[in-house]
Every structure is written in C-alpha cells, then in structure tokens.
Amino acid sequence: MSLTATGGAPRTAAPLRGGMAGQRRRTALVAWLFALPFLVIFAVFMLGPVIGSFAMSFTDLGVKDLRSPFAVNFIAFDNFVALFQDELFVKSIVNTFYFVLVGIPLTMALGLLLAVALNSGIERFRGVFRVGFYTPVVTSIVAVAVVWRFILQDTGLMNTVLSWVGINGPDWLNDPVWAMPSIIVMGAWRNMGTLMIIFLAGLQAIPRDVYEAAEVDGAGAWRRFTGMTLPLMRPTLLLGAVLLSVGFLQVFEEPFVMTQGGPLNSTLTISYYVYSQFGYGDYSLASAAAYVLFAFIAALSAVQFRLLRSKDN
Amino acid sequence: MKMGRKMIALGAIGVVGMLALSGCGRTDDTPTGEGPSAEAIDDSPATGEITIWAMGEEGENLGDFADAFVEENPDATVTVTSIPWADVMTKYQTAVAAGTVPDAIMIGSSLLPSMVAAGGLAPVPDGVVDASTLNETAEESTQVEGVSYAVPWYVETRVLYYRSDLAEAAGMSAPTTWDEFTSFAEGFRSEGAQYGIQLPMGDAEDSTQVILPFYAQAGGEVLNETGDGYAWNHDALVAALEYYGSFFTDGLAPTSGYGDSQTSSFVDGSNPAFISGPWMVSVLADMEDADWVADNVATVPVPAGSANNDSYLGGGHLGVFADAKNADGAWKLIRWLAQADTQEAWFERTSGLPAVTSALEGFTSDPRVSVLNDQLQNTVAPPSVPSWDEMSAFIETEAEKVANGSSAEDAATAIEAKAESLGTGW
C-alpha cells in the first residue's frame, strides 16, 4: 500500500504519523516474538488436543486405528447417541451430579464458616488455623486416601467413635449407599481450605467501619452476617462457587484412589468413565464423553453467573 | 460415499494436528492378522544394540541378567528401559503410532490382545522357540487367530493359601472340592475366626481372577472354538457366580474384598485363607518372618468344581516390534531367555515361574514350588481378545451384585447380553 506500511521507511521522508505507526508495528512484532514460544506450546499441547479430541468425538477412532488412520470413519453424532444409551454413562452423570449438588453447598458452607471464624474470633491463633485448614489442599491425595481408607474401614476409627454412642456404622467405602457420601465428605474436606482462603480475602476487603455503623444502629451478629456480609461477599461467593463446580464436575481423584468407581459403580463419575473408556481403547467415545462433561460445566457456570449476579444490576 | 466420510474424518483429525498420527508418516504396513512374514532366525551370534522395554521387577533385573547373553554374543549390547506397569499401554500406543519403537517389549499376558489390536507387533518367526517345550496355556495366550505374537517368558498361577496351624487345631485338612472349600471356610469361622476366606471384590481387585477360574471349574469356556466370539455357557456361568456369591451372602468372606487388611487379617488369624500367587510367600515373610511362614502357612492347588480345578494363569511374554531396527538380535535375545537353563537362572533371580515346562522340574523338591507346578497343569488364562478388559469390568460389577444378594441367573443373562453387544473387539 503505502511506504509507511513498511517499518523500515526513512524517518525524515515519512510523515510523522506514519513513523509512529511503523514504530508501533515494530513493537508489536517484538511482542509477538516474545509471545511466540508460549503460543507455539499452547497451540501444540493445549489447543491441538482440545480441538483434536473434539474432532475425534465425531469419528470411530479406536485403538486399531493408531497405525492406519485411513480406516477412521466420520460417524457424526453416533458416539453421543451411544453414550446416552449406555447405562453406565447415565449412571456416571447421576453420580457426578450427586457429588456436585451435595458437595458444593457443603464445601461452601464449611469454607465460609472457617473464614468467618478466622476473621472474627480467634485472632491469636489465626496463622495456626489457616495452615491447619489449608493442609488438606496441599497434601497428596494418595497419601491422604490411605489414611481415610483406614478411618472408614468397617473396624476403623469412624465406626469405633460411632460405637461409643451406640451407632453400628456401615462399611463406608464398600457399601453402595454410603460410598458416595464418604467420597463427598472427603472432597469437601480437601477443598474447604481453598474456599476458606478466598472467602477470608473477601471478608477482609469489607471495611470495618461499615460494621461499626451497623452495630451502632443496633444490628445483631446474625443480622450483620445476613444483611451485610453475605451481600458484600456476593462476588467472592460467585468466584468460589464457579471454581468449585468446575473442579467438582470433573471429580476423579477421590473415586480413583478410594473406591475405583465401586462398589456397584456407585462412585463412577463422568471423568472416571472417560478414563476407563480410554483404557478400553475407545478413544472417540471417551472424547465424546469428555465433551458432554464440558457442556455440563459450561452450562452450570452460566447458570451460576446468572443467579448470583442478578441482584447487582 | 464411505471413502468420502473417511476423508472428512481424516481431514478433521489431520487439520487439527493429531500429533501421534501426523508424526508417524508410516501408514499400515503391518495390519494385524497377517501371517508370519519374518524370516527364520538363524544360529549366528547376535550383533548390534538390542533395546528392550520391561516392567516391574523384570525391568529392574533384566539388565544385569543379560550380561551373560552379551558374553556369548560379544558383538551385541542389550539396553533395558524399565517402565512402570501403569504406563505400558500408553507408551506402547504412542511409540507404535509415532514409529519410535524399541526392538522388543515385555508384554503382560493380559495386555497382549490390546497390543496386537493396536498393531506393531511382529509374528514370532520360525526357529525362536519350540512351542512344545512351553506351558500350553501360556503359549495359547500369545496367539491371535492362530498367529503367535510373543514368546512366553514366565508364568504365574494362583493357589490356595491357608493357616495350617489353625486348620490343624480345627482338625481340618485342605479342601479339594467346592463343597469341602465351603465347609473349610465355615470350619475356620466356627473355630473363632471372624471370616473363613478372603476373596477379591469388584473391579478394583480384579475379581475375575477368581471368577474366571470358578467358571472354568464348572466346565465353562469363554470363547467359542474359532476364538472369534464369546461363548458363555449359561449353566456354568450361573454356577460360578452363585458359588462366588455364596461366600459373601453366607458371611464367610467380607464384602470389602481383600481390602487394606489382606495380609494382616491372615497373620492375626481373623481371616485365615486366600487365593493368590507365589509372591505372597515373600510378602508374608516380610510381615512376620520366614520361619513363621514355614510353620503356619500352607499352599495347595485350588479346590475343584464339577469339571476341573483350573486356576488363573497370568505372566509375562516377550514380543518384537514390526518396525524394530534390530529384530534379528531381539529374537536371539528372546530365544536365549526361553532356554531351559536361562529360565532356571531367571527363576532363582526373580521367582518368576519358568514358562518352559522342563525348567521347573529342577525345583520341585521345594514343596511350595511343587504345589505351583501341580497347579500349572490346570490353568485358565484370560481370553486373548481386546474387549476382555471391558468385559471383565462388567463381570466384576455383576458378580458384586450377586455377592450383595441379587440373582446369579440375572447376572449371567446380563453378562451374556454384554458379551453379545461388545463382541471380541477385533
């Protein structure tokens, strides 16, 4: 087009604006150069597999096709149809939502409770408690699982304690009814620390004088909590809920290390289903299942944003 | 039309850069099921570098062990890469798809069908091993549609472990039939043990490793004669599931399976019997000591059903890649590993039972080995079909239902229907 479009135009001959444009272009080029290594890695190792598995979910790619890609067929939505006809997949959806719908309120409540307690009362030991409640987050799930399995055994600590008050507890992890609640409790215990930290930051951002004013006006502790803390915490609660539901919908580690999806598939989750289908060599079906999970996460996040944001407007 | 759809699919995958596929560049030059194409292996010494992947204890020991081979074949070197069991299939699939294979690989016997289905293994050429010297069930488990893709290296089978001291106190001798097995377990319990027998439960503990033998003991075959379809015998399947389930419904076995307390409840006598492989001797010896094991632990072949007393046969095979750079050297290494005297030396090193039948005879004076040797005469291996993984996970869940009190008849029907819809997976 014009001479100014080439960055190397002589400064004196070019109009002032063109020179600046060239400069900007050069800056942009340098910026792109710096970003290039990340972009390449991102494209190859993140974007590629994401789009690749999306494409795969519309084919019949299986273990046999690894060496002969020409044998792969485009089968449109057959995988998705097959998924929803598979009892096991439907069960995994039910199980996953059981985990999410019970687990999220429980974890949120625990996180908020801990955050409020740390923010108000126990000033002196705050550091100790923060570390204590955050420890489950940073501890290896495999190490934790061994301890929890011993606690939850039919002759374990949990049932021993229950027997003191006359309750004959079940064999928690081997009982189809109790396995999922056990996993949910462990999931809540593992994640409450993260929420505690987020909520604590939210609480500390609320100015003290607002509370003092309310106190002068005669608002009690419960009134202050429901009338001021919760509304002011709305954005923080939203953040916590979204982060948690993205994580909880993908729940995998807890059932993987604690129950292997059993007993009677009562802890089989969607992620676990995806994992086992990959194991059976049915890559395309596994990819399709992964995208169903993606759709659930996107939908639930959208709903949460809508619900928790509505009052701001 | 079909080709058009294929091209769409391929285009979709190709465009987004499925690295595994685009990286390989070689297409299907070795489709599965092709007859033996490799040339016979001659008797000249092996040369060049031989690279091999192996798992677990085998991977750790093979490197030093192969020094003896290198001494006989001075122009050859052996490089062993030890890989974790959990990563084998992923590594295998990636290597085959990308064309970055080693020369040889150790194959867990139950992984063989998946590996053959994924392509990449070369058929065993003539002159590597005399199949008649090998354990028959192990040799059969290397075959897919009549073509052998691997050489059996070692085998493992399961026997009945029980507390001989407690059995003696109760005046009981080892069971040899299903009925005796049930009363044996009841006998322990009436002597004060909490349970009578430990049995695996569910997918996590791979309970088909006892259910499949129960089925074989009742006279069932898993595949039809041509090996191209499941052929569940309804009556035998019902009998096996009922028998398995009865131990749980009668309270003779805990529904938690082995759980985390398999060895501790065996040692403290609260659950004094289980079915397991030869490795348990050293596990128990580590927990207590070797003398305690010698005084208190007995092993016998598993009790027989109406047909036989088949036990589960697992083990390791050795295979060579179709794209191996040094296939000749790799087969020569495998031939050496499959010789009777090498197998004896390997057994002393790793306790892996020789797949060469004659190599076991040197050890039968040891009562434990002779029990294993007896059991090896009667074994059943999981069927060599790719869908077995999924099939067995389904059986495990159905068996779990029976153990929780639902009907064996329904479970058997569900298993047969699942087998019908899965097919063998080829």
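Tutor: Welcome! Let's start with an open feature: helix 7 of chain B gives the most to the lining of the second largest pocket, with three residues. Keep in mind that this is a predicted model.

Student: How much space lies in the second largest pocket?

Tutor: About 910 Å³. It is lined by 33 residues, and B:Glu140, B:Glu221, B:Leu223, B:Ala381 and B:Pro383 are the closest to its centre. By kind, the lining divides into 15 polar, 11 nonpolar and seven charged residues.

Student: How many cavities of 30 Å³ or more does a search of the whole structure find?

Tutor: Five. A probe fits inside a cavity but cannot get out. The largest cavity holds about 70 Å³ of space. Among its 13 lining residues, B:Pro213, B:Phe214, B:Gln217, B:Ile275 and B:Val302 lie nearest the centre.

Student: Which element gives the most to the lining of the largest cavity?

Tutor: Helix 10 of chain B, with five residues. The lining of the largest cavity has eight nonpolar, three polar and two charged residues.

Student: What should I know about nonpolar cores?

Tutor: In soluble globular proteins, nonpolar side chains tend to be buried together. Here, the largest nonpolar core has 59 residues, of which B:Tyr92 and B:Met115 touch the most other members. Apart from that core lies another, of 58 residues, including A:Ala115, A:Met233, A:Phe248 and A:Ile297.

Student: Which residues does B:Met115 touch, leaving out those up to four places away in sequence?

Tutor: B:Val88, B:Met89, B:Tyr92, B:Ile105, B:Ile107 and B:Leu121.

Methods: Residues are numbered from 1 along each chain as its sequence is written. Chains are lettered from A and ligands numbered from 1 in the order in which they are written. This is a predicted model: local features need pLDDT of at least 70, side-chain atom pairs count only at pLDDT 80 or more; totals for chains, interfaces and linings use all residues. Side-chain values use heavy atoms; hydrogens and water are left out. On a 1 Å grid over the protein atoms alone, a cavity is a set of points where a 1.4 Å probe fits but cannot get out, and a pocket is an open set with protein on both sides within 12 Å along at least five of seven lines; lining residues have an atom within 4 Å of a point. Grid points are joined across faces, edges and corners, and a volume is the space filled by probe spheres set on the points. Helices (H or I, at least four residues) and strands (E, at least two) are DSSP runs, numbered from the N terminus. Ala, Val, Leu, Ile, Met, Phe, Trp, Tyr, Cys and Pro count as nonpolar, Asp, Glu, Lys and Arg as charged, and the others, Gly among them, as polar. A nonpolar core is a set of buried Ala, Val, Leu, Ile, Met, Phe, Trp, Tyr and Cys residues joined through side-chain atoms within 4.5 Å. Buried means under 20% relative accessible area, exposed over 50%, partly exposed in between (1.4 Å probe, protein chains only). Contact means heavy atoms within 4.5 Å.
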